[in-house]
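Trainee: Before we discuss this entry, could we look at the sequence and the coordinates together?

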Amino acid sequence: MSDAPDPPRKTYSLKPREFESTNTIPPLAPAPPPVPDPGVQRVGDEPIDVRELVELGKVKPTATSRPKATGPASDIQAMLNENLAVANAAGLNRVAPVQARPSKRKRDYLFVMAAGNGSLLAVFAVVIGFNFFSCLFLAMGMIFFSSATTWVMWHVMDDY
């Protein structure tokens, strides 16, 4: 049995810094030299008044103002206006106010309070019996249950 020859030694190195270029890119034309900034151009001979600039800056466009049409209305705009008129005549664009449905939160709150405090009272009455300390623990339990239920129902939960 002869031993197989050792495989050639592997060499590891970092990747080359640049990609190999298969297609040559033609050189770009040199950019034109930059033109110096001319600064602020004067429109007229009179001096600029800051108060006029402030007054011009105070004018704000309203939500209903639209830019003026630059040309005659196109066929598409005419068709859209006709469609809008037909929809308005048919009453499709009339929106009725939505009636808010009554919340069930108050009903559920009263039910949970009655059931929870009633069950605490029943547990203490049937299982433990009434003495000074059991009445004290009952009162503390009812206060804790009522305040926790009130916090969760009216401050944590959303209206449903």
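Predicted model: local features only at pLDDT ≥ 70, side-chain atom pairs only at ≥ 80, totals over all residues.

Trainee: What distance separates the end C-alpha atoms of helix 2, and which span should its residues give?

Mentor: Helix 2 covers residues 75-90, which makes 16 residues.

Trainee: How many buried residues does helix 2 have?

Mentor: A residue counts as buried under 20% relative accessible area. Helix 2 is hardly covered. Among its 16 residues, the count of buried residues is 1.

Trainee: Which residue follows helix 2, and what is its phi?

Mentor: Helix 2 is followed by glycine 91. The phi of glycine 91 is positive, near 85°.

Trainee: Where does arginine 105 lie, and is it buried or exposed?

Mentor: Arginine 105 lies in helix 3, which comprises residues 105-128. Its relative accessible area is 13%. Because the cut-off for burial is under 20%, arginine 105 is classed as buried.

Trainee: Which residues does arginine 105 touch, not counting residues up to four places away in sequence?

Mentor: Contact here means heavy atoms within 4.5 Å. With residues up to four places away in sequence not counted, arginine 105 touches Met153, Trp154, Met157, Asp158, Asp159 and Tyr160.

Trainee: Which side chain meets that of arginine 105 in a salt bridge, and at what distance?

Mentor: Side chains of opposite charge can pair when their charged atoms come close. The partner of arginine 105 is aspartate 159, with an N to O distance of 3.9 Å. The pair links distant parts of the chain, with aspartate 159 in the segment after helix 4 and arginine 105 in helix 3, 54 residues apart. Aspartate 159 is partly exposed at 45% relative accessible area, and the salt bridge to arginine 105 has the N to O distance of 3.9 Å.

Trainee: How many salt bridges are there?

Mentor: One of them joins the side chains of aspartate 49 and arginine 51, at 3.5 Å from N to O. Another joins arginine 107 and aspartate 108, at 3.2 Å from N to O. The count of salt bridges comes to 4.

Trainee: How many aromatic pairs does the structure hold, and what is the geometry of tyrosine 109 with tryptophan 154?

Mentor: The structure holds 2 aromatic pairs. In one of them, the rings of tyrosine 109 and tryptophan 154 lie 5.6 Å apart, centre to centre, with 70° between the planes. The pair links distant parts of the chain, with tyrosine 109 in helix 3 and tryptophan 154 in helix 4, 45 residues apart. Since planes over 60 degrees apart count as edge-to-face, tyrosine 109 and tryptophan 154 are edge-to-face.

Trainee: Why is the pair of phenylalanine 132 and phenylalanine 133 classed as it is?

Mentor: The ring centres of phenylalanine 132 and phenylalanine 133 are 5.3 Å apart. Their planes stand at 75°, so the pair is edge-to-face.

Trainee: Which residues form the nonpolar patch on the surface?

Mentor: Phenylalanine 132 counts as exposed at 63% relative accessibility, and phenylalanine 133, in helix 4, is exposed at 53%. The patch has about 570 Å² of accessible area together. Its members are Phe132, Phe133, Leu136, Phe137 and Met140.

Trainee: Is serine 134 buried or exposed, and which residues does it touch?

Mentor: Serine 134 has its place in helix 4. At 4% relative accessibility, serine 134 counts as buried. Not counting residues up to four places away in sequence, serine 134 touches Phe124, Ile128 and Gly129.

Notes:
Residues numbered from 1 in each chain as written. Heavy atoms only, no water. Helix = DSSP H or I, 4+ residues; strand = E, 2+ residues; numbered from the N terminus. Expected span 1.5 Å × (residues − 1). Buried < 20%, exposed > 50% of the residue type's maximum accessible area, 1.4 Å probe, protein only. Patch = residues over 30% accessible without salt bridge, like charges linked within 9 Å, V, L, I, M, F, W, Y side chains within 5 Å. Areas by Shrake-Rupley, 256 points an atom, 1.4 Å probe, with all protein chains shown as cover. Phe/Tyr/Trp six-rings, centres within 6.5 Å; stacked < 30°, edge-to-face > 60°.
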